[in-house]
Amino acid sequence: MSKFQLINEDCEFDTVILANGDYPQHNVPKSILRNAPRVVCCDGAALQYIGKPTVIIGDGDSLPEKFQSQYSDIIVHISEQEDNDLTKATKYITQQLLCSTPAKKAKLVAYLGATGKREDHTLANIFLLPRYKFELGVEPVMITDNGYFMVAEGDSEWESFTRQQVSIFNLSCTRLDSEGLRWNSYAYKQLWQGSLNESLGSEFRFKADGKYIVYRTFEGKKI
């Protein structure tokens with residue numbers, strides 16, 4: 001059974017990928033960004049980042065010429081348009097930065113700034129997470145100013161707290177039964193059906209036979 005911890009300011013990640021959406025404002029993503037051992041910026045996100053990134057990935061269309069000249073030593077131009085910058089950055093770190101990580105150790109990657117601004121970009125980024133986990137071999141956590149998305153397959157156990165808000169997005173399950181949530185989950189046919197659930201205590205579990213995305217909030221619902 002896979003186990004998923006709560007995400008807080010003390011969580012350590014192998015890499016942070018900073019996208020060019022809404023820049024982190026909540027203490028948790030800000031702390032994770034500040035303490036990251038390496039930060040990979042997706043193109044224009046480098047203009048917002050306070051500090052020098054480990055590397056800047058993209059086609060360079062969002063960066064002024066002066067900026068490109070100043071940081072030419074860490075800019076990696078990838079012009080192909082099949083993948084977005086978030087995916088290009090993920091491919092790069094798996095091939096160049098995380099290749100020495102022991103095979104049995106999860107390559108824990110935080111995605112910040114991947115939501116906000118254009119809604120189609122937000123949706124696309126969220127539903128790229130399963131590709132990153134199952135095809136590219138990272139353990140992705142997409143963190144916003146309100147909570148975070150993680151991907152699971154099969155049975156799983158999740159750290160939680162009373163009144164934490166939880167949403168479940170079924171991708172391929174024909175069975176998706178829960179314990180510890182206010183409303184029992186099932187193999188939802190529509191993406192919206194598993195949203196706006198709530199934890200009853202310190203953990204909840206799923207019995208599942210496929211893949212799904214779980215969103216948990218930082219703060220519990222106020223009474």
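In these exercises, a residue is called buried when its relative accessible area is under 20%, exposed when that area is over 50%, and partly exposed in between. The structure is a predicted model.

**Exercise 1.** Determine which residues of helix 4 are buried, and how they are arranged around the helix axis.

*Solution.* Begin with the extent of the helix, which covers residues 119-126, and note that Thr122, Asn125 and Ile126 are buried there. Then look down the axis of helix 4: the buried residues fall within an arc of 95°, so they line one face of the helix.

**Exercise 2.** Locate Phe127, classify its accessibility, and find the surface patch to which it belongs.

*Solution.* Phe127 is found in the loop that runs between helix 4 and helix 5 (129-134). Its relative accessibility is 32%, and because this value lies between the cut-offs of 20% and 50%, Phe127 counts as partly exposed.

**Exercise 3.** Decide whether Leu33 is buried or exposed, and list its contacts beyond four places in sequence.

*Solution.* Leu33 belongs to helix 1 (residues 27-34). With a relative accessible area of 6%, Leu33 is buried, because buried means under 20%. Leaving aside residues up to four places away in sequence, Leu33 touches Val16, Tyr23, Val39, Tyr49 and Leu112.

Notes
Residues numbered from 1 in each chain as written. Predicted model: local features only at pLDDT ≥ 70, side-chain atom pairs only at ≥ 80, totals over all residues. Heavy atoms only, no water. Buried < 20%, exposed > 50% of the residue type's maximum accessible area, 1.4 Å probe, protein only. Helix = DSSP H or I, 4+ residues; strand = E, 2+ residues; numbered from the N terminus. Arc of directions from axis to C-beta. Patch = residues over 30% accessible without salt bridge, like charges linked within 9 Å, V, L, I, M, F, W, Y side chains within 5 Å. Areas by Shrake-Rupley, 256 points an atom, 1.4 Å probe, with all protein chains shown as cover. Salt bridge = Lys/Arg side-chain N within 4 Å of Asp/Glu carboxyl O. Contact = heavy atoms within 4.5 Å.
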